[in-house]
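Here is a short report on one protein chain. It moves from the overall fold to a helix pair and then to the aromatic side chains.

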Amino acid sequence: MALSAIEEKPLCGSYVAPNQPAHRARISIWRGIATGLSVMALFLTLYAATYLPVPLCMHDMRSGTARDQGDGRIDPGQLFLRIPSTDRLREHLQYYTSGTHVAGINRTQAAYTRDYFEAQGVGAKIVEYYPWLNYPVDQRVALFNESTHIVEFEAGLKEDVIAGDSASEDPNNLPAFLGLSASGNVTGQLVYANYGTLDDFRALKAAGVSIKDKVVLVRYGGILRGLKVHGAERGGARGVLIYSDPADDGYCIGKVYPNGPWRPESSFQRGSVSLIQVYPGDPLTPGHPATKDAPRLDPKDAKSLNGIPSLPLSYRDAEPLLRALVGHGKNASEISDSWVGGLTSRGVEYWTGPSALSVNLLNHVDFKTTPIQNIIGRITGSEEPERAIIIGNHRDAWCAGASDPSSGSAVLLELARAFGELMKLGWRPRRTIILASWDAEEYSLVGSTEWVEDNIDWIRADVVAYVNVDAAVMGSEFGASASPIFKDLLFAVTKKVAFPGSNETVYDAWLRQSQGGLVSNKADLYEDDDGSYIDPSSAEHHTPPVRPLGAGSDYTPFMSHAGVSSLNLGFGGGLGTYHSNYDSYKQMTTFVDPNFELHQAITRVCGLVVIHLADDAVLKLSPTSYARSLAAYIRVLERQVAGHTAASSNGTVMKRFHRLRAAQRQFLTNAHLVEQSKHRLRTVYGEDCQMAGRRRRMNCRKLRKSINDRVSRLERHFIDPDGIPGREWYKHALVGPGRWLGYDAQVFPAIAEAAEDHRWKMLRQYEKRTAEIVYEAAWFLREV
C-alpha cells in the first residue's frame, strides 16, 4: 500500500484537541476542582518529602528538608524523585504505541505532545521542516529461472498477525521497507556476503567470488545497514537484501515472540539505509535547515544516499534464497565459521554463490518533500535564562515502536509533568530547560539535525548540554554513552536511584552488569591488550563503562556538529523485535517492563541529571575526567594505527603521537586548575556565594561564572571548523562515527582514517592539527 494514501487519524480515541468548543463550561468547572485537588496533593507530597522516611531511591541524597538550600529555594531533587508514576508512564506508552507513526504521517501525535507539555505549564510550539523522505509503494523479491521464467519462490514481505497483539493487526503497518532506499527494479544472480562488512566483501573477492551485477544477500549485524548497501554498490552490485538471521536475534538466542522476546520467523527489521556517517539530516540540504524555501541539491548529488535498491527480509523469506545457493561458489565455512548462521538447524547450508537461479528485487518508493514536526517545550530559567539544557527524544517510529522510541517519549512526557509539579510549588530552574520531541529521526536524525542547523549560533553560544532518551527501555541493562565530562555526574546520579526489584542502586547494577559480563553490547567497547574490554572514557576499571558517542541518535548534531556536550541514557539488552511490528505495548508489558519500574527508574535518572545541570550553582561537569579519558582514547588510537602499519612494537607507533600525548598532559594539568577553582569557591565563598559578604559577592559570582563557562563550553574547543576530511559536516576532532562503523564511535577519526588509507603524511598532519586543538582547549581552561 502506498503510504501517501493512508488516512491521518488520531492514534488515541480519547484525545480531543483543546480548541474544541464542546463542554467548555463543564471543563472549566472540572479544571477548578482538579486544581484544588492538585494543590492538596502537592501539599501532601511536600509534607512527605520533608517528614516521612526516605526510600532507597533517595538513600544517597543529602539529608534535610525540602527547603534546606539556605536561600528559600526548594530542593527539587528530593521532591522530584517522588513524582514519576508508573501508572502515568504506562498511559503515555499506551498512547504512543496505539498505532504506527512514521515520520511526516501523523500530525495528531505531534499536536498531542505539544498540548500535553502546555497542560503541565511548559510553553510549547510546533516547529516544521521540509525534508526529502520516501514511502513504500510496491515491493517484490522473487527467485526464478531466467531461461524458463518459472518462479521458484516469491517472498511474503509482510509480518504475521499475532493473536492478542493489536499492533500486529494495524492496517497502516509498513511492508518490508528501508528508509531513503533507492527506487529500482533489478534482476541478477544471488551472492551471500555474510554481514556485508568491508572485510566480508574483501573475503569474497579473495575467494574469487564477484558481486558485480549481482543481488547481494547479507544479514543484519556488524555494521549499519546503509554501509552494507554502500559496500555492495562499490563492488558493482545491482541490489541488496538484508535479512535477520536467527543466530543474531531469533530462536538461536531464546524463545521467539509471542512466547519470548526474540524475533519470530516472519519478522524483519525496517530502518534507514542513509549514509549517516557522511552527514545526517535531510539528504538535500546538508549544513543548512530544510525550510520550505531552502535551496536543495539535486538528489543524484546527495552524498548521503545509496544508489541501488534494497529491502529487508525475514529469515523465513531468506531461507529459500539461501537454499538456492547450496553447491554454488564456496561453502561459507571455508571462508570462516563466522559466516555460518543459525538456519543450519533447519538443514540450511551457507554458500556464497552466485546462484544458478536469478532474483528479482523490486523496490518502488515515492520520494517527496514532506513536512515534519518537532515539538519544542521551554521552561525559562530564573537566573541564567539565556543558558539552556535540552533533553530530547524522537517521536516517529517505523511501527508502534514501544521500545524505540516510545519508551523515551513516555519518559519525556512524565518529565514534563514532574517539572510542572515542581513549578506549582514555586520552583524555577536557574537555567532554561528545553524539552524536545523530534520527528523523522528514523530516516537519518532529520528533525534534530534540521533544528540544530537552524539554531546553530544560539546553540553554540548558550546551550550547556544535551540529554538524549531514545529507546529508554529495551531491557534491564543500564548503559550510558556520553562526553567524558559527564562521568562524575552520571555516577553520582545513578547512586541516588533504586534499581527495580533489588536492594541495589542503578549504579550498583550498572557496575555489576558491566563487570559480570552481562552487558550485551560489549562490541561497542574497545578491547584491551589482554582481551578484556575497557571503557575508553575511564582510565581505571573500577567504574561502569561510559562509551564515546557515535551517530546512533539525536545527540549527533549537538555533539559532533555544534560541540555541545551530550549524553545518551537508557536500559538496554536483548530485544529481538527491534523495528518490527512486534515492538509493541504487548511485548513491552509481557517481557521487558511489566510494572513500568524500569521506565520509572530511567525517568528518575534523566530528571536528576537535568535538574543538576539546570539548577546547580556550580555545574558538576569534570574536565579532569575528560582529560583522563583522552589518555585512554590515545591508547586506543595507537593500537588501531599499529594494526595498519608494519611497526614491530607499539613503542614505534606511540612516537608518532608524542604531540598528542604532550597536549593531553597539558590538558590534564589545566583541568586540575578548574578543580582548584571549584575548591576555592566552595571553601571561601560557598557554591551559592552564601558565605560571601556584600562586598565580596561580586568576586564570588565572577569566579563561579568563570568556572561554569569553562566547563560548559569546553566541548566547543574540540570542534575543527574544517571537519573530518571527506565528511566535513562532522567537526568533532576527538570522536565521531566511524567511516565503516556508522552508529559506533571512532576516536580521533581523521587520524584513524588516514591510517586506514595508509596516508602517513596526512596522518602526521592530522595528529599535529589535533594536538593544537587539544592545546587550545587546555589554555581555555586556564582562563578566569
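Contact here means heavy atoms within 4.5 Å. On that basis, 79% of the contacts in the chain with a separation of 6 or more join residues 24 or more positions apart. The model is predicted. The chain has 784 residues, and 60% of them count as buried. Its secondary structure comprises 24 helices and 21 strands.

**A helix pair**

Helix 21 spans residues 658–685, and helix 24 spans residues 760–782. Their axes come within 8 Å and cross at roughly 10°. Angles under 35 degrees count as roughly parallel, and helix 21 and helix 24 are therefore roughly parallel to each other. Helix 21 contributes residues including His658, Arg659, Leu660, Phe667 and Val674 to the contact. From helix 24 come, among them, Glu767, Lys768, Val774, Tyr775, Trp779 and Arg782. By class, this contact of helix 21 with helix 24 has 14 nonpolar, five polar and four charged residues.

**Aromatic pairs**

How many aromatic pairs does a search of the whole structure find? The search finds 30. A pair of aromatic rings is described by the distance of the centres and the angle of the planes. Two pairs are set out below.

| Pair | Centre to centre | Angle between planes | Class |
|---|---|---|---|
| Tyr251 and Tyr315 | 5.7 Å | 75° | edge-to-face |
| Trp451 and Trp458 | 6.2 Å | 85° | edge-to-face |

Plane angles over 60 degrees count as edge-to-face, so the Trp451 and Trp458 pair, at 85°, falls in that class.

The Tyr251 and Tyr315 pair links distant parts of the chain, 64 residues apart. Tyr251 lies in the loop between helix 7 (246–249) and strand 8 (271–272). Tyr315 belongs to helix 8 (residues 315–323).

Tyr315 has 1% relative accessibility, so Tyr315 counts as buried. Tyr251 has a relative accessible area of 25% and is partly exposed. In the tryptophan pair, Trp451 is buried, with a relative accessible area of 6%. Trp458 is partly exposed, at 27%.

**An aromatic cluster**

Phe478, Phe491, Phe499, Tyr507, Trp510 and Phe571 form one aromatic cluster. Tyr507, a member of this cluster, also has a charge over its ring. The charged end of Lys495 sits there, 4.7 Å from the ring centre.

Terms used. Residues numbered from 1 in each chain as written. Predicted model: local features only at pLDDT ≥ 70, side-chain atom pairs only at ≥ 80, totals over all residues. Heavy atoms only, no water. Axes fitted to C-alpha atoms, helices over the stretch in contact; angles between N-to-C directions. Helix = DSSP H or I, 4+ residues; strand = E, 2+ residues; numbered from the N terminus. Parallel < 35°, antiparallel > 145°, perpendicular 65-115°, else oblique. Nonpolar A, V, L, I, M, F, W, Y, C, P; charged D, E, K, R; others polar. Phe/Tyr/Trp six-rings, centres within 6.5 Å; stacked < 30°, edge-to-face > 60°. Buried < 20%, exposed > 50% of the residue type's maximum accessible area, 1.4 Å probe, protein only. Lys NZ or Arg CZ within 6 Å of the ring centre and 35° of its normal.
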